Amino acid sequence: PLAATGELVAEAAAARTAVAAFNVITLEHVEAVIAGAESAGSPVVLQVSENAVKFRYGRLLPLARAASAAAERAAVPVALHLDHVQSDDLLRQAPGAGFSSVMYDAARLPYDENLTATRAAADWAHARGLWIEAELGEVGGKNGEPALDAHAPGARTDPAEARAFVADSGVDALAVAIGSSHAMTTRTAALDHDLLKRLAATLGVPLVLHGSSGVPDDELRAAVAGGITKVNVGTALNLAMTGAVREFLAAHPEAVDSRKYLSVGREAMARTVARLIGVLRA
Ligand code: G3H
Ligand code: ZN
């Protein structure tokens, strides 16, 4: 059934675990995430990012409608989250498209502007019953920028600043920069667990890990133990899908029917989803 992100995150926090949130681009991603979550027997968040909307010719509704129809029929609770929203126009489409939550991303802006924009977004979202996540201290590697080094001083969230930001903006959760980086294709990120501990002790809201594809299993487990309650995964699904499709087409150069390779790609993504959910739960 369709669930609310805020409830899944609250349940995860109460159980001292984390809810997995997967970025979806195609209908095959949607089906794979739900199939993986069903086989793991766990709730899941389906995320549509602003970049994915751009890929879909700027239209949110077709993929959102497919995702909510699939969520309604799922055997586990599935929530819809609009991810990395920079455009106010897109933000305003969230409630009508079935999303219970948004991540408002003004982390590229200087602190004061980020706070002003995020506070306005939070007020707007809360008036419509939406749960809202924001970010402070940019997690590097978005939009083709070079991924910041895991220990780059610029890619860290300052606890005192974050505390003020959360209190002044009124957001429900914060994406923290603790050493992960977007779009990593190797799982080599080293997280700053000391910083995570301080952030978890300082902030009164759930913490979100972005760029989780580049984080090894043991680091993910430690992050959950340290207070991360939502784990965002995107690139790992593309790695699984593209690798499986590439392998299939190399072995079957005569293949024409797109269902042949899309089903192989979809199964590879579903296995990745089930495996990662298992890591977070352990
Ligand atoms: O918001 C989405 C996540 O941060 C995905 O990051 O593609 O590096 O796993 P990733
Ligand atoms: Zn992200």
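Colleague: Which residues in helix 7 meet which residues in helix 8?

Modeller: Ground rules before that: this is a predicted model, where local features need pLDDT of at least 70, side-chain atom pairs count only at pLDDT 80 or more, and totals for chains, interfaces and linings use all residues. Residues are numbered from 1 along each chain as its sequence is written, and chains are lettered from A and ligands numbered from 1 in the order in which they are written. Helices (H or I, at least four residues) and strands (E, at least two) are DSSP runs, numbered from the N terminus. Two residues are in contact if their C-beta atoms, placed from the backbone, lie within 7 Å. On that basis Pro159, Ala162 and Arg163 of helix 7 meet Arg198, Leu199 and Thr202 of helix 8. By type, this contact has three nonpolar, one polar and two charged residues. Here Ala, Val, Leu, Ile, Met, Phe, Trp, Tyr, Cys and Pro count as nonpolar, Asp, Glu, Lys and Arg as charged, and the others, Gly among them, as polar.

Colleague: At what angle do helix 7 and helix 8 pack, and how far apart are their axes?

Modeller: Two packed helices are described by the angle between their axes and the distance between the axes. The axes are lines fitted to C-alpha atoms, for helices over the stretch in contact, with angles from 0 to 180 degrees between N-to-C directions. Helix 7 (residues 159-169) and helix 8 (residues 193-202) pack at about 30°, axes 9 Å apart.

Colleague: And what about helix 2 and helix 11?

Modeller: The axes of helix 2 (residues 27-40) and helix 11 come within 7 Å and cross at roughly 40°. That makes helix 2 oblique to helix 11; angles under 35 degrees count as roughly parallel, over 145 as roughly antiparallel, 65 to 115 as roughly perpendicular and the rest as oblique. The residues of this contact divide into eleven nonpolar, six polar and four charged. Ala40 sits in helix 2, and beyond its neighbours within four places in sequence, Ala40 contacts Ala274, Ile277 and Gly278.

Colleague: Is Ala40 buried or exposed?

Modeller: A residue is buried if 20 or more other C-beta atoms lie within 10 Å of its own, exposed if 12 or fewer, and partly exposed in between, with C-beta atoms placed from the backbone. Ala40 has 20 such neighbours, so it counts as buried. Ala134, in strand 6 (residues 131-136), is buried too, with 28. Ala134 touches Tyr104, Thr118, Ser169, Val171, Leu174 and Ala175, leaving aside neighbours within four places in sequence.

Colleague: Which residues touch the most other members of the largest nonpolar core?

Modeller: In soluble globular proteins, nonpolar side chains tend to be buried together. A nonpolar core is a set of buried Ala, Val, Leu, Ile, Met, Phe, Trp, Tyr and Cys residues joined through C-beta atoms within 7 Å. The largest has 92 residues, with Ala20, Leu46, Val102 and Leu174 touching the most other members. Helix 11 (residues 258-281) gives the most to this core, eight residues.

Colleague: Where does Tyr57 lie, and what is its phi?

Modeller: Most residues other than glycine have a negative phi. Tyr57 has a positive phi, near 55°, and lies in the loop between helix 3 (50-55) and helix 4 (61-72). Tyr57 is exposed, with 7 other C-beta atoms within 10 Å. Ala183 also has a positive phi, about 65°, and with 17 C-beta neighbours inside 10 Å Ala183 counts as partly exposed.
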